[in-house]
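Please look through the sequence and the structure below, and then read the report that follows with both at hand.

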Amino acid sequence: TSESAIIFQEHRAGADGFAVAARLTSLVDATLTELWKTTALFHRDDFAVVALGGYGRFELCPHSDFDLMILAKDEKAKRTGAEAIQRFLHSLWDAGFTIGHSVRAVQDCVNLYETDIDSWASILESRFVCGGVPLREQYADAVFRTIRKKFDLVFVRAIIVGMDERHEKYGNSVKLLEPNMKNSAGGLRDLHNLLWVYRSTDTEYFSESPFLNSESSCRLMLDTFQQKNVISKEEQNAVTNGLGFLLRARHEMHYFAKTIHDSLDFPIQREIAMGLGYGDDQELKYVEKYMREYFLHARSIFRLNQRLVNHFRKSIEPTSWKKPKEQILHGQFVARGDELLRRNTAVELSTPAEILDAFYLCGAHSLTLGHSLQGTLVSIGQTTSLFNHQSIATEEAATVFLKILRMEANVASILTMMNDFDVLGKYLPEWGELVAFFQHSVYHYYTADAHTLIAIGHAERLSGGKGVLAEVYRSLPKKEILFLALLLHDV
């Protein structure tokens with residue numbers, strides 16, 4: 001339509017991802033509402049049209065299929081309105097829409113919690129398009145009662161298991177050179193998973209007018225996270241920018257492919273970067289610039305996903321009745337169970353040496369970073385004030401960093417953790433240039449930083465290996481020199 005052409009022109013002129021998604025979603029809303037007015041159900045309060053999936057989240061892309069639900073008050077209404085519903089659906093097909101559709105009574109929706117994980121997720125992100133206002137209120141009340149009553153984490157467990165399987169299939173690293181924009185680590189689905197988990201456990205994570213949002217559900221969720229101090233203002237901005245970037249990139253992918261397409265395959269990366277205004281054929285580096293931005297945004301999203309999901313992961317795992325054992329470590333830190341925590345959260349981490357010490361203790365004692373400590377490190381990683389030229393050049397910081405390189409085990413995993421929290425590139429500015437560095441070449445599978453950390457991991461594994469190489473590795477008197485050489489080999 002002419003309206004679709006205008007939206008495309010706005011996209012090409014640089015409109016942000018949220019704006020284009022909103023225009024596309026509103027266009028479908030307007031069309032559906034006009035067609036609904038022609039049905040015999042328009043004047044009935046016991047029917048409504050409800051948007052599901054990306055359409056429900058107000059995040060439609062140009063060639064997305066869209067899902068909708070015809071909601072009826074009860075089984076009787078479903079029966080009496082069946083013929084009119086059929087005519088309405090036919091009018092949508094005649095208008096050229098590709099739709100997924102369902103017809104459900106309010107009780108059917110509630111029952112989905114027990115029977116269909118994917119459909120219950122779609123209920124949690126649903127949005128009223130048109131129809132009876134009393135029915136919307138009845139629907140919201142029924143869904144909210146179910147959420148409050150069903151806090152047994154069955155749904156949360158299913159979402160986390162499904163997320164782990166998706167990462168396994170599409171890539172656990174945000175640094176794959178051909179990422180799937182929707183399903184890979186750091187893709188859009190990582191935010192959708194958070195939306196489902198939080199909405200399924202707390203009704204406060206819906207907008208003030210439930211099922212009536214007129215902007216991106218994921219963006220509203222990030223706003224709510226910040227208001228509730230789940231994340232800092234800096235992280236909210238970083239992840240919101242990442243979401244907007246991914247939506248804009250996905251719009252371009254759809255316009256380029258003229259169909260649904262989510263995999264950022266090597267042969268089309270140049271065209272996508274050009275379409276998004278990064279450059280022309282005269283200079284290949286524009287592709288590398290675009291892809292580096294993609295990886296950095298994906299990292300922000302994946303980091304948030306992992307931190308918040310791991311918070312829930314502890315809730316769904318079998319727990320022992322014993323209180324976790326506590327061990328006071330040196331400096332500001334204490335180990336509780338398998339987590340590293342700060343002894344006093346009122347005392348700020350104020351030097352690079354203290355921050356590096358947290359990572360060293362995780363490696364030396366095989367600990368994970370506690371939830372609040374992760375949040376602190378994310379905020380620190382997004383600022384440069386602690387890592388200035390003088391502070392990173394101190395002997396104290398160098399001493400702790402060398403202790404990390406001299407650990408008996410976990411060197412690669414701790415360096416990777418430091419990289420994920422943007423601490424490694426702050427401490428070693430030369431390394432910072434490698435983070436998410438993309439070489440547009442079919443010979444590379446990972447970004448430069450990921451490739452380097454994998455190489456260190458492979459070297460470390462020689463300690464338990466067989467053959468001449470493993471023997472030579474074990475005989476090295478100063479393995480930290482090897483790790484440092486590997487770390488800097490691509491700088």
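At 3% relative accessibility, Cys61 counts as buried, where buried means under 20% relative accessible area, exposed means over 50%, and partly exposed lies in between, all with a 1.4 Å probe and protein chains only. This is a predicted model, in which local features need pLDDT of at least 70 and side-chain atom pairs count only at pLDDT 80 or more, while totals for chains, interfaces and linings use all residues. Residues are numbered from 1 along each chain as its sequence is written, and side-chain values use heavy atoms, with hydrogens and water left out.

A disulfide is a covalent bond between the sulfur atoms of two cysteines; here it is taken as a pair of cysteine sulfur atoms within 2.5 Å. The sulfur of Cys61 has its closest cysteine sulfur in Cys218, and because the two are 12 Å apart, they are too far for a bond. By this rule the count of disulfides comes to zero. Another cysteine, Cys362, is buried as well, with a relative accessible area of 2%.

Strands are described next, and here helices (H or I, at least four residues) and strands (E, at least two) are DSSP runs, numbered from the N terminus. Six of the six residues of strand 1 (residues 47–52) are buried, so this strand is largely enclosed by the rest of the structure. Both of its faces are covered, with Phe47, Val49 and Ala51 on one side and Ala48, Val50 and Leu52 on the other. Two strands pair if DSSP finds at least two bridges between them. Strand 1 runs antiparallel to strand 2 (residues 66–72), to which six bridges join it, and Val50 stands opposite Met69 of strand 2. Strand 1 also runs antiparallel to strand 4 (residues 127–131), with four bridges between them, and there the bridge partner of Val49 is Cys130.

Elsewhere, four strands form an open sheet in the order 5-6-7-8, with mixed pairing. Its edge strands are strand 5 (326–328) and strand 8, each of which pairs on one side only. Three bridges join strand 5 to strand 6 (residues 333–336) in an antiparallel arrangement, and Gln327 has Ala335 in strand 6 as its bridge partner.

A salt bridge is here a side-chain nitrogen of Lys or Arg within 4 Å of a carboxyl oxygen of Asp or Glu, and a search of the whole structure finds 20 of them.

| Salt bridge | N to O distance |
|---|---|
| Asp29 and Arg127 | 2.8 Å |
| Lys228 and Glu204 | 2.2 Å |

Glu10 counts as partly exposed at 29% relative accessibility, and Arg23 is partly exposed with a relative accessible area of 28%. Asp29 and Arg127 also form a salt bridge; Asp29 lies in helix 2 and Arg127 in strand 4, so this pair ties together parts that are 98 residues apart in sequence. Both Asp29 and Arg127 are buried. In the pair of Lys228 and Glu204, Lys228 lies in the loop between helix 11 (217–227) and helix 12 and Glu204 in the loop between helix 10 and helix 11, so the parts tied together are 24 residues apart in sequence. Lys228 is partly exposed, with a relative accessible area of 33%. Salt bridges that share partners also join Glu3, Glu10 and Arg23 into one network.

Most residues other than glycine have a negative phi, and most peptide bonds are trans. Ser366, however, has a positive phi near 50°; this residue is found in the loop between helix 15 (352–364) and strand 8 (368–369) and counts as exposed at 54% relative accessibility. Asp422 has a positive phi near 65° and is found in the loop between helix 19 (411–420) and helix 20 (424–427), where Asp422 counts as buried at 17% relative accessibility.
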